[in-house]
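Open the model in your viewer and keep the selection tool ready.

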Amino acid sequence: MALITSDRARFPNDPWQLVETVHLPGNAGTLETLFSLGNGHLGIRGAHWAAADAELPGSFINGFHEIWDIKHAENAYGFARTGQRILYVPDANNFVVIIDGEMLSLEESTVLDYRRSVDFATGVYECRIVWQCRSGATVTTTERRAVGYQSRGSLGISLEVSADREISADVTSAVVNRQDQPVEDHSAHDPRRAGRHAGRVLLPVRLDGGDGSLRLSWEAAESKQRLGMAVDHWTNAGVQPFDTQVDQDDSSVRYVLAVSPDAPFVLEKSVSYAVGRAADEDLADTAESALLSVAEIFAQSAAHYRDYWTTSDIVVGGQEELQQAIRWNLFQLAQATACADVAGIPAKGVSGSGYDGHYFWDQEVYLLPYLTYTNPGNARQVLEFRHDLLPEARIRAKELSVDGALFPWRTINGLEASAYYAAGTAQFHIAAAIAFATNRYIWASGDTEFKETLGADLLIETARMWASLGFFGKDGLFHIHGVTGPDEYTAVVNDNLYTNVMARFNLRAAAALDHPGIDDAEREFWEQAANRMQLPYDEDFKVYSQDNDFMTLEPWDWDTPRSKYPLLLNFHPLVIYRHQVLKQADTVLAMFLQWQDFTAEEKRRAFDFYDPITTGDSTLSACVQGIMAAEVGHGEAALEHFIHALYIDLDDTHGNTIDGVHIASTGGVWSSLVSGFAGLRDQGDVPHFDPRLPADWDALDFHLKLQGRLLHVELEDTQLRLTVPDGAPLEVDVRGERFMVGSEPVTVPLHAVVSPEPTVFPGPATASIPVVRADS
């Protein structure tokens with residue numbers, strides 16, 4: 001059931017905010033995700049401040065994790081050995097408010113008015129509640145939060161308490177170590193959810209406090225990472241704390257005072273986090289040195305988003321219902337990436353613990369396009385992070401008997417953390433994703449220094465892996481066997497088309513480098529492997545096959561009830577693997593990323609064949625299906641897939657938004673608009689546009705950072721207008737015609753695209769059973 005779109009009275013459609021006007025029980029954890037704040041380094045979930053009103057509260061720091069030894073029921077050489085999981089860091093968003101002896105909570109108290117919001121324009125969370133107290137007083141509490149940007153470890157929280165008469169207020173502000181709190185482990189039957197640790201994780205190193213200030217630090221028991229925390233409190237009343245308590249799991253500062261109608265009580269809480277490994281460094285002191293006032297943190301947030309929206313906003317004309325959701329997705333992208341620095345981007349950003357905080361190929365294929373064209377400096381930092389993990393990737397390659405570098409399928413610290421190799425390690429295509437993102441960044445940014453150094457290393461080492469993983473068969477073609485493609489419902493196959501197509505790209509990109517580390521023999525081998533790459537093709541259907549055997553599989557029973565989806569939670573993997581059914585776009589994704597390699601007819605037939613048998617059980621799928629539907633001319637299907645992707649989290653359509661935002665899907669929303677409806681294709685000789693604006697949309701307006709310039713794109717139904725306000729002109733291709741775009745707008749007329757009839761493929765053939773009669 002939809003969440004946000006099902007009740008527009010409760011969640012009004014504001015283009016610059018997500019707003020909730022009525023509190024109702026249920027969905028608290030999902031809303032904590034939707035109202036979360038983050039900057040890519042530090043994240044805080046949008047939980048209410050009272051413990052009774054929170055379902056899955058918490059704060060996270062990107063990369064701060066614990067490790068443990070993976071215990072395999074039946075071990076084998078090369079299996080992942082070290083588990084990794086993002087940790088809940090001690091959480092500052094906790095208050096107990098007692099008015100005239102009554103503890104306020106949404107669950108128990110009388111609420112007269114309620115409104116909470118997160119403002120996309122400023123990055124500020126605000127929750128205002130009017131309470132009718134049992135004493136007769138009407139009390140209003142207003143909490144506001146923001147995270148820092150120049151000071152990425154900073155969090156500012158303010159709580160105001162006002163009343164219509166004099167009241168007795170007892171307010172406690174707490175820091176809670178949630179990681180070591182006993183909670184139910186929801187991960188037992190759902191691999192998407194985070195598990196919990198059996199023993200204590202955060203061991204106290206320093207516990208100091210007094211006069212409203214806290215200086216705290218911990219060390220993770222096994223990873224030995226350290227976390228320092230400094231917290232200062234300020235009040236407008238000038239009142240001293242009644243009490244300051246310090247503990248490894250629950251530290252608090254308490255204020256007891258009378259509040260008059262003409263003088264509300266304001267409590268500001270400035271928090272600073274610092275992480276590191278050095279045992280001789282007092283990280284609480286490090287955190288203290290970075291403490292800012294709450295006003296400064298709020299100002300940083302507002303300034304960041306003022307700059308961000310200037311070049312990163314995407315405006316859809318005539319679609320007010322969609323604009324809020326589009327901006328919410330773009331806001332999540334900023335929250336997941338802005339201050340990640342040289343680190344990966346977890347699959348849930350810093351909004352939750354889902355997927356254990358691991359980095360996947362999601363960041364290269366789904367997030368790097370957005371970063372490359374809106375914040376190329378941050379895109380480079382993500383690639384620098386991958387480069388930093390090359391030593392571990394080279395070791396992993398040797399473990400799996402290949403050359404070069406083999407990056408882990410899921411990781412935090414550079415080691416493979418996927419215990420299920422069939423849908424993990426076998427996804428060798430992560431290497432090509434990293435190479436593809438590297439090449440795109442070089443192409444779009446013109447960063448020659450990166451190309452000649454770190455970029456070359458990434459392209460060369462991944463190419464060497466493919467060259468040794470594959471082999472030339474007796475047919476003279478280059479084959480890659482025993483891999484899993486993006487579609488995890490078809491595992492450990494031979495010649496997965498996506499893998500082979502992307503490996504071919506990887507080999508060619510490396511072979512094109514002028515680099516002293518490549519000799520003539522190696523370059524020739526890469527070129528021959530690429531040119532003779534096996535691409536499975538079904539002659540009967542005239543469709544590229546997902547792998548060598550996919551067309552021989554038994555079709556899935558599409559009468560399976562919806563309650564049995566997602567399939568991975570209801571059927572043994574072997575049941576799924578032997579059927580012709582997809583979790584997510586695979587062959588179709590290959591044709592989007594390597595758009596030059598396939599004809600329009602090949603793309604159309606592939607989309608028509610694979611789209612009906614794709615379950616969409618993966619949140620990575622809808623955006624890609626929509627992009628390709630737009631390209632092949634299926635406008636209604638393109639819009640339908642886009643709407644699905646747009647509301648994956650806002651409407652919790654996959655039932656696990658509670659664990660955090662699906663950040664890759666939000667990146668897919670960006671690509672759906674820019675590459676789907678505006679039709680951008682890159683890494684050719686020039687940028688290409690082939691627009692496909694939905695019939696009911698009036699316009700689409702956005703910017704792209706290309707070659708050090710800013711390209712302004714304004715798309716309407718009958719024309720495309722391009723401008724480069726500053727800098728040298730940029731050559732652009734629009735539907736096969738070249739234009740030099742400079743400071744004067746270039747307007748290109750557009751003709752309507754004819755929608756083709758979908759290809760109708762025959763259903764599964766039923767073999768006749770011969771009748772055998774015994775001799776009489």
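Leaving aside its neighbours within four places in sequence, which residues is Tyr373 in contact with? Select Tyr373 and show Arg440, Trp443, Ala444, Trp670, Leu680, Asp682, His703, Leu704, Lys705 and Leu706. Contact means heavy atoms within 4.5 Å.

A word on the source: this is a predicted model, where local features need pLDDT of at least 70, side-chain atom pairs count only at pLDDT 80 or more, and totals for chains, interfaces and linings use all residues. Residues are numbered from 1 along each chain as its sequence is written, and side-chain values use heavy atoms, without hydrogens or water.

Stay on Tyr373. Its helix is H5, residues 362-374. Helices are DSSP runs of H or I with at least four residues; strands are runs of E with at least two, and both are numbered from the N terminus. Tyr373 counts as buried because its relative accessibility is 2%. Buried means under 20% relative accessible area, exposed over 50%, partly exposed in between (1.4 Å probe, protein chains only).

Now go to the open sheet. Its four strands run in the order S3-S4-S5-S6, with antiparallel pairing. S3 (37-38) and S6 (82-89) are the edges; each has a single partner strand, so one side of each lacks a neighbour in the sheet. Zoom in on S3 and S4 (residues 42-44): two bridges join these antiparallel strands. Strands pair if DSSP finds at least two bridges between them. Select Gly38, and opposite stands Gly43 in S4.
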